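Dear colleague,

Please find below the structure that I am handing over to you, followed by a summary of what was found in it.

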Amino acid sequence: MRTEASTEPLSPSAPPASVRVIASAQSWVEGEAVRQLEAMARLPGMTLAVGLPDLHPGKGAPVGAAFLSEGFFYPYLVGSDIGCGMGLWNVDLLARKAKPERWAGKLDLEGPWAGDTEGFLQEHGVKSSGFEAALGTVGGGNHFAELQRVDAVHDAPAFAALGLSAERLLLLAHSGSRGLGEAILRAHVDRHAAGGLADDSPEAEAYLARHDHAVAWGRANRALVARRMLDGIGATGQRVLDVCHNSVTPRRDAARTQWLHRKGAAPSDEGPVVIPGSRGALSYLVVPTGEGLVSAHSLAHGAGRKWTRSAARDRMRERFTAEALTRTSFKSHVVCEDRDLLFEEAPPAYKPIDRVVTDLVEAGLVRVVATLAPVLTYKTRARQE
């Protein structure tokens, strides 16, 4: 773990916030990401800022980070994709019967779902948002739905306790609240810019109600993404876990209430988590361990970007054709008909996931249960005009 430091206090009466980066000397963490982490730690009310091994620069605030504050919380730190997270499904299909090339040719998760979205939301206890046309869609950026096979089991009892079988496929869905979260953040920024909210204010209460709705809507969205994906391959599945990595939540004890912001940080206090690599790398199913406060009760949510999107586009176009990037070293298939996105999300644009997870293991934060290999990664079909 890298050295912990304290920021200069914002005012003589404000205690300094601790800044901690959980990453080994072998991990590459961009200086700009650390500078962003330190800047956020200087916000009023901040008590702790933690960068995980996947830490990388974001739009004003770093991704792969968790923050604790008192008296104030900051919607800007959560970002526009409120409720973004990952769900894992146990698929009733043997991995040896996978037909990735055939599935890649016919899967289509674009556009509104043809089913009863209102009824689906009611089943999941979620009210409508006005963004139901996007319900059951993956979205852009680093979002995906990926069929996976079990590469290796490292903790057989923990693996079996989750009801998993090494012979069956799994489905990992990574998506969020789509336009709903963006609209919520835009409304806040229009009025408060990047400023925070006093936690006893009416504005804070109103934001938290909208935030919690987006978190629930995002979880339902992942469930419908999984359903559409499984319907497309003629299979069914059972959800094993679902965790959110973009949120702000209260942590209360007898003495105080703190606000835990996660921006691209998986929870370490909700059971097992999948930490995916790029579409051309393994994903890790892990069980959180250790004392949660060290890492602000959070874990890495993925590998973390190594290159910016523009740099990835330029570098990958020099080295690969678009067609070459629809296959990986695991012989898995990639459905991504947005050429820019195909280059932006190429595996070399991400940090090595093995190093990220090793850092978490060495910090005493996780135990690896299994590694999962990609079979078919769905990003997007071409958009029809």
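Please note that this is a predicted model. I begin at the end of helix α10, which is followed by Gly 364, a residue with a positive phi near 75°.

Helix α10 itself spans residues 353–362, and its buried residues are Ile 353, Val 356, Val 357, Asp 359 and Leu 360. These residues lie on the same side of α10, because they cover an arc of only 150° around the axis. In general, an α-helix has 3.6 residues a turn, so residues three or four places apart point the same way. The cover over the buried residues of α10 includes the strands β3 (46–56), β14 (273–276), β15 (283–288), β16 (298–300) and β18 (366–380).

The largest pocket holds about 1400 Å³ of space. Its lining consists of 48 residues, and Val 63, Gly 141, Asn 142, Lys 263 and Arg 309 are those nearest the centre of the pocket. Two or more lining residues come from each of α2 (75–78), β7 (144–153), α6 (179–192) and β18. The largest share, 3 residues, is that of α6. By class, the lining of this pocket has 22 polar, 13 nonpolar and 13 charged residues.

Finally, a search of the whole structure finds 0 disulfides. For Cys 84, the nearest cysteine sulfur is that of Cys 244, 7.5 Å away, whereas a disulfide requires the two sulfur atoms to be within 2.5 Å. Cys 84 counts as buried, at 3% relative accessibility. Cys 244, likewise in no disulfide, counts as buried at 9% relative accessibility.

Yours sincerely

Definitions and conventions
Residues numbered from 1 in each chain as written. Predicted model: local features only at pLDDT ≥ 70, side-chain atom pairs only at ≥ 80, totals over all residues. Heavy atoms only, no water. Buried < 20%, exposed > 50% of the residue type's maximum accessible area, 1.4 Å probe, protein only. Helix = DSSP H or I, 4+ residues; strand = E, 2+ residues; numbered from the N terminus. Arc of directions from axis to C-beta. Contact = heavy atoms within 4.5 Å. 1 Å grid on protein atoms, 1.4 Å probe; cavity = no way out; pocket = protein on both sides within 12 Å on 5 of 7 lines; lining within 4 Å. Points joined across faces, edges and corners; volume = space filled by probe spheres on them. Nonpolar A, V, L, I, M, F, W, Y, C, P; charged D, E, K, R; others polar.
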